Amino acid sequence: MNDVILTPAGEKPLGFTLGVLAAAGAVAGIFIGAANGSSLLGVIGGAIVMAGIAYVLVKLLGEGLEKLARLGLVALFAVVGLLLSGTPGLVIGGLFGWFFGWFAYWIGFGRYRTPLVPYLTSGQVLWHYTFRVICGAIFVFLITPILVVMPLSFNAESFFTFTPEMLSFDPAGYSLRHYRDFLTNPEWTRAVENSLLIAPVATVISVSLGTLAAIGLSQSHVPGKRAIMAILISPMIVPLIISATGMYFFYSKIGLVGTYWGVVLAHAVLGIPFVIITVTATLVGFDRSLTRAAANMGANPVTTFFRVQMPLILPGVISGGLFAFITSFDEVVVVLFIGSAELQTLPWQMFTGLREQISPTILAAATILVGISILLLTVVEMLRRRSERLRGMTPR
C-alpha cells in the first residue's frame, strides 16, 4: 500500500540541505571520533564529510541516479569501515552508508513534508520530527542494555565482555556452552522449576481476586471506591523493599516465611494491581444492559458472569494475568525476604550468581527471560487490539 502524499515534495535550498546533513554528520562523528580518541575531530570531520556527500548526491547526481548513488555510498562506507575496523566496521559502515544515502535524498528533495499537511509551519514540522527523534533516543537508551546482553550470552569464554574473536565475528568466539549449562546445571534447573511452580499459582490467585475486585469496584453503588482502589494498587506504587519488609514481619507472625504458600501469596499480592487495572480498563466500554437483559431472561449471577460478562472482558483478564505472571517470574526482592534455600527462584539464582560467581550463564538466563517477556507482551498487544475490536473502538 502506497503512503498518502499530503504535501508535494520539491527540492530544498542547497544551504538548508547541507546544514541539516552537516549537523547529522556531526552527531555521527561524535561516536566515531570518541572511538578513535578525539570527539572534536570526529564532529568536525563528520560535518564536513556529510556536507560534501550531500552536495554530490543532491546537486550533482540528483534524483535520476538516486539508486546508483545510494548503492555507491553504501559500498564506500563499507570499504572505509572495513579498512578501519575489519568486519564489524564493514557492517556498521554499510549501515551508515544506507542511512545517510536515504537521509540526504529525504531532506534534499523535501520528502519529509509529504506525509504532513501543507499548512504546518516550519517550526511545527521541526517539532514533529524532533519529538520522534527524542522518542527514538529514549527507546535506544532503554533497549541498548538488552541488545548488549544477548550477544554476550553466546560468548565462548567465561567473560562478561566482548572478546576479540567476537568482535571480528570469528565463529570460534561464539558458543552455546552457557545455554547448555543453564539447561543441565542442577542449580539452574531447580531454580527454573521453582519459578514455574510458583508463578502460575500466584497468577491464578491474582487473576481471580483482581477480576472480582475490578468488577466490584466498577459498580456505581460501592462506597469509597477511590480509597479502596488506592489500597489495592498500592503494591505497585510502594517501593518493593518496603512491601517485602512488611510482608516478612507479617508472614513471620503466621508462619508463612520460608514456605511455598508464603511466596505464592506474596507474588499474588504484587500481581493483583495489574489485573485490577487491565480489567477495569476493559470494563469502561462494557455495556451493562447486557447483564440486565440476561437477568431478565432468568440467568443467575454466576451464569451471567461466565456466559455474558467474561467473554467480553476476557482480553483484559488475560492481559492482567500475563503481567501478573511476568511480575512473579521476574521478582527477586520479595523472594529474598520470604523464600528459603529450597525455594530459590530463577531471579534469585541470577542475583546469587552475580554476587558470588560471575558466570555468563546469567546472561543466557537473562536472554531467555527477555525472549519470554517479548513473547508475552506480544500476546498482550494482540489481546488489546482484540478487546478494542470487540468494543467497537477500531474497525474489524
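How much of the accessible surface of the protein chain belongs to carbon and sulfur atoms? The accessible surface is about 22,500 Å², and carbon and sulfur account for 72% of it. Bear in mind that this is a predicted model.

Now the overall fold. The protein chain has 15 helices and zero strands. Its radius of gyration is 28 Å, well over the 21 Å that the globule rule gives for 396 residues, so the chain is more spread out than a compact globule. Along the principal axes, the C-alpha atoms fill a box of roughly 80 × 55 × 30 Å. Of the 396 residues, 37% are buried. Take the contacts between residues at least 6 apart in sequence: 68% of them join residues at least 24 apart.

On to charges. There are 23 positive and 17 negative ones, and their mean positions lie 15 Å apart.

The structure holds three salt bridges. Glu 63 pairs with Arg 111, with 3.0 Å between the closest N and O atoms. Glu 63 sits in the loop between helix 2 and helix 3, Arg 111 in the loop between helix 3 and helix 4, 48 residues apart.

Arg 111 also bridges to Glu 66, at 2.8 Å between the closest N and O atoms. Glu 66 is in helix 3, so this pair ties together parts that are 45 residues apart in sequence.

Glu 66 in turn meets Arg 70 at 3.3 Å, N to O. Both lie in helix 3, four residues apart, about one turn of the helix.

So which residues are linked in the network of salt bridges? Glu 63, Glu 66, Arg 70 and Arg 111. Glu 66 is buried, at 13% relative accessible area, while Glu 63 is partly exposed at 45%.

How values were computed. Residues numbered from 1 in each chain as written. Predicted model: local features only at pLDDT ≥ 70, side-chain atom pairs only at ≥ 80, totals over all residues. Heavy atoms only, no water. Helix = DSSP H or I, 4+ residues; strand = E, 2+ residues; numbered from the N terminus. Rg over C-alpha atoms; globule rule 2.2 N^0.38 Å. Buried < 20%, exposed > 50% of the residue type's maximum accessible area, 1.4 Å probe, protein only. Contact = heavy atoms within 4.5 Å. Areas by Shrake-Rupley, 256 points an atom, 1.4 Å probe, with all protein chains shown as cover. Lys, Arg positive; Asp, Glu negative; His and termini not counted. Charge placed at Lys NZ, Arg CZ, Asp CG, Glu CD. Salt bridge = Lys/Arg side-chain N within 4 Å of Asp/Glu carboxyl O.
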